[in-house]
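Dear colleague,

Please find the structure below, handed over for your review.

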Amino acid sequence: MTEPPRVPFNRDAYQQLIRRACFICELLADNPDYRHHVIHRDDHAIAFLNKTPSHWGHVLVAPVTHREHAVDDFALDDYLALQRVIHAAGQALTATVTIERLYVLSLGSQQGNRHVHWHLAPLPRGVPYDDQQLTALSFDRGYLDVPDHDMAALADALRRRVAQILG
């Protein structure tokens, strides 16, 4: 797929949205203002496509229970169950999207995006080194303006692969 055009990231609108409510809890509650294309949900985790993707296939994985700290808020078994979904989503991405490297990191803050979540950001092949790593994820680059039907098709392909992987 040819990379869709990038659009500027509206920081003010984003700040208002994330400070108004927990976007993951709202997604889990089916609030239409926080809809995303879900690729997996079980008792422990939800995985979904990022609405403002840095790259084609940018997935977020979060615990179903609102937790705010990437390690300290989890018993080991809960953490490993969540990491199993992150691993499956990563495997599905690398089998579905042509990438050079898959970035996996937890972002968020006590000032916004408090619900802990992991980003799985697939770096396309051929990106110059100076544009990789944290530069590749910078909001200053804007985000991909992906048509909803393309997001739905990708979510469907990822959903099938994750289901196969997790059995």
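**Findings**

Over residues 23-134 the chain is 24% helix and 31% strand, with the end C-alpha atoms 23 Å apart; helices (H or I, at least four residues) and strands (E, at least two) are DSSP runs, numbered from the N terminus. In an unreviewed entry, UniProt places the feature "domain: HIT" at residues 23-134; such annotations may be inferred rather than shown by experiment.

This is a predicted model, in which local features need pLDDT of at least 70 and side-chain atom pairs pLDDT 80 or more, while totals for chains, interfaces and linings use all residues. Residues are numbered from 1 along each chain, and side-chain values use heavy atoms, without hydrogens and water.

The axes of helix α3 (residues 76-96) and helix α4 (residues 148-166) come within 9 Å and cross at roughly 125 degrees; axes are lines fitted to C-alpha atoms, for helices over the stretch in contact, and angles run from 0 to 180 degrees between N-to-C directions. The two helices, α3 and α4, are therefore oblique to each other (angles under 35 degrees count as roughly parallel, over 145 as roughly antiparallel, 65 to 115 as roughly perpendicular and the rest as oblique).

Yours sincerely
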